[in-house]
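Visitor: Hi! I have just opened this one and would like a hand finding my way around. Could you show it to me first?

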Amino acid sequence: MKIRLGLQLVFILVLITSAVQSSDYRILEDLGFTNATSYDLVEIEEEGKPPVMRLRVVNSVPKVDPEEPADREILEAVADTSKQARIVMSRQTNRMLVSGQLRSVLFGLELAKAGVWQHIDTLVRDPSIGQRVRMVIVNGEASELLKRDYKAYPSTGLYIFELLQKESNNQAIPNVNLYHFTRDYYDDGIDAVAPIIKQGADSITLDGIALFHADQYVGRIELDHSLIFAFLRGNFTKGDLGMALSHEEHVLLTAVSSKRKVAVKGHPSDRDSFEIVFHIEVEGSLLEYIGHKTLSDDKGQQQLVREMEEYVVGQADQMLKTVQSYRSDCFGVGQYVRNSMKAQQWYDMDWDAIYPNVKTKVEVSIKIKNYGKFQ
Amino acid sequence: MKEKLNQYHIAILIYMTQSGIVIFSLPRLVAENFGTNGWYVLVIISLLVTCNIFLMQLVYRFGKGSSVFDILEQRIPLAVLSPIYILLALFWAYLGCLVGKQYILILQMLAFPTTNPMVFKFIFDFMALILISKQIYNITKAATVFFYLTIWMVFVFFFHFPEFSWLRLTPFIGYGGIGGLESWLEIYIAFLGYEVCLFLIPYVPEKTKVFKAVYIGNFFLTFIYLFICVIGFGFFSFGQLTNLVYPLLDMLAYLQLPFIERIENFLFTLFLFKVLMTTVIYFWIAKITLSRVFRKVKSTWLDLSVVVVSYGLSLIPQVISEVERLLRMLGYTQIVIVYVFPLLLLAVIALNRMSNRRRENPS
């Protein structure tokens, strides 16, 4: 009995001393929760020395206190690495900077061209940073975009996050967070992608889809073709597809869902027979049609579906040629080629060199679920 | 009346002892050591474990349900056994203790980067002490409660299905892995813990089919390991998987519920129960081994000495990589023990039988 009582006393004593001594306590009011970070490459010139490239980091840290004049704090630093920049930024603020609430990271275009991996590496290494942090490329200077306030919108960090979240839900841009980027970066059969945003007059607008080869930005897809991009990249259940079949004929499909199948024919060693076939099944509701066909009869409907299929095939063919010319395997063709052969063959093959010249073919079948409530 | 263990409790106890902190790195270990689709080795190792359990079952059958210590002491004098017992007890206590230390060092990395980990270790060991001061029946009851506190976490992995792709598993088997003896041993360590069944024998009523429960516990563990590894291989790309120190932690970190975010910290804390159970069982084995040497010492003092000595020893490795290396070394040794020990027991039983027969038929 005595032993047990003694032990209990020791236990309580240790608990108290550890609670008093712990340096890992956090007080909410003293913390600065960074919700967006931007990275840019800048050229720094010092007298008598050749110019060096360094990293400009901007953190947007919201304030919760209603009595504060500004709704967020903007911290900026130029350093060699992002964690060094954090130390410099910490000197400018009365709050303790933490990254547990980080929602989006922005990379300037110049930095993206030079390669983003070493900056993402530190983000995925840090256990306090979540996997779902959204990643976006800024057409221009990321720091300028993040530093500005946009009057009609919520605080810039939140604004960017919500914009990306909403638009990726309907396939206007791919849904890309740190997990997706890291996963595709390390996969030898696919290249990563990311959305692009830019600064408008009074707002931030989506600007396109960035294509990567390894960790370097190599090219872009315009937003007008984002749904075709989504068809080729995988399956999805929600999107809107507008098509200009000719000058006088326009169609809009809503609630579009799509399934993709990829077949590999032949072997890469035989150039003539080697071919990648994308088969895409699309379903949607037709809610807008401007043209001369009568949608109430079967013939008109079939004709329209055929024309839409031709349109999508044409666009998809064009897009495949574009991404091949950028050497970006953003649709993961390599994954299918890899899985069609023996391990040794795949690892002996230089897929990066073969990919730009691979023959591709797209087959599309469109099903229109309904034509709305008007004949 | 002395309470006895039943099958259901034993199966859960075996599973809880086997599964521990290794599960956090298991998908990577399998990928690193056995390459693409390396998860298949889990099935092979599970079969090896089944064979090993069968050896132990033979000990149970031929030993007619007597305790392993009784069997040994029939043949070998206690004076010879005592130092071996003490060494083994120390070894098992240290093994259990380091499992706890590894958990706490990961916890430190996640949530308390500057707090002294030994403070948490103290609290952890204190909980272990409270548990081992009870009878095995009560420990098992605690294991059952802990099991239900943690097992529902299997369902959170269904949240990963939208990102899961069979494409990433590739059709290649074992490409990019090492696959040497050390690789096999490293994965085998993840299955250790089932050897507790040897020490449970005297606490089980004759009618209970104790080993059926042990097999079930081991198969359940294999199923959980396979499930997590296959999801890991399809959720992460192969290159990414080999770079993640604790893939399971990253998988938990990907979860997001509409009302709460970053729940991995909460889920990781729940794993405390699993790790605690592994530690407690090794402490318990150490304690009953010591009790054969120090028969007159009060059991509370034995409990205390097991915990205090191993706590002291666990101060030596300071960083997580040292703890992991030490654990690997201890794990390899334990693998040898789990094969040699039942073989030794069987040999002793055979010798006893022969001499008994000779006594019965002197001619």
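Visitor: How many salt bridges does the rule find across the interface of chain B and chain A?
Guide: One. A salt bridge here is a side-chain nitrogen of Lys or Arg within 4 Å of a carboxyl oxygen of Asp or Glu. Please keep in mind that this is a predicted model, where local features need pLDDT of at least 70 and side-chain atom pairs count only at pLDDT 80 or more, while totals for chains, interfaces and linings use all residues. Residues are numbered from 1 along each chain as its sequence is written, chains are lettered from A and ligands numbered from 1 in the order in which they are written, and side-chain values use heavy atoms, leaving out hydrogens and water.

Visitor: Which side chains meet in a salt bridge?
Guide: Those of B:Glu163 and A:Arg183, with 3.2 Å from N to O.

Visitor: And what area is buried between the two chains?
Guide: About 3,400 Å², and carbon and sulfur atoms give 60% of that. Buried area is the accessible area (1.4 Å probe) that two parts lose on being put together, summed over both. In chain B, the residues losing the most area to chain A are B:Leu167, B:Phe172 and B:Tyr254, together 20% of what that side buries.

Visitor: How many residues does the contact take from each chain?
Guide: Chain B gives 38 and chain A gives 37, where contact means heavy atoms within 4.5 Å.

Visitor: Is B:Cys197 buried or exposed?
Guide: Buried, with a relative accessible area of 0%. Buried means under 20% relative accessible area, exposed over 50%, and partly exposed in between (1.4 Å probe, protein chains only). B:Cys229 is also buried, at 0%.

Visitor: Now the sheet in chain A. What order do its four strands have?
Guide: The order is 11-12-13-14, in an open sheet with mixed pairing. Strands (E, at least two residues) and helices (H or I, at least four) are DSSP runs numbered from the N terminus, and two strands pair if DSSP finds at least two bridges between them. Strand 11 (241-244) and strand 14 (359-370) are the edges.

Visitor: How many bridges join strand 12 and strand 13 of chain A?
Guide: There are 14, in the antiparallel sense. Along that pair, A:Leu253 stands opposite A:Leu286.
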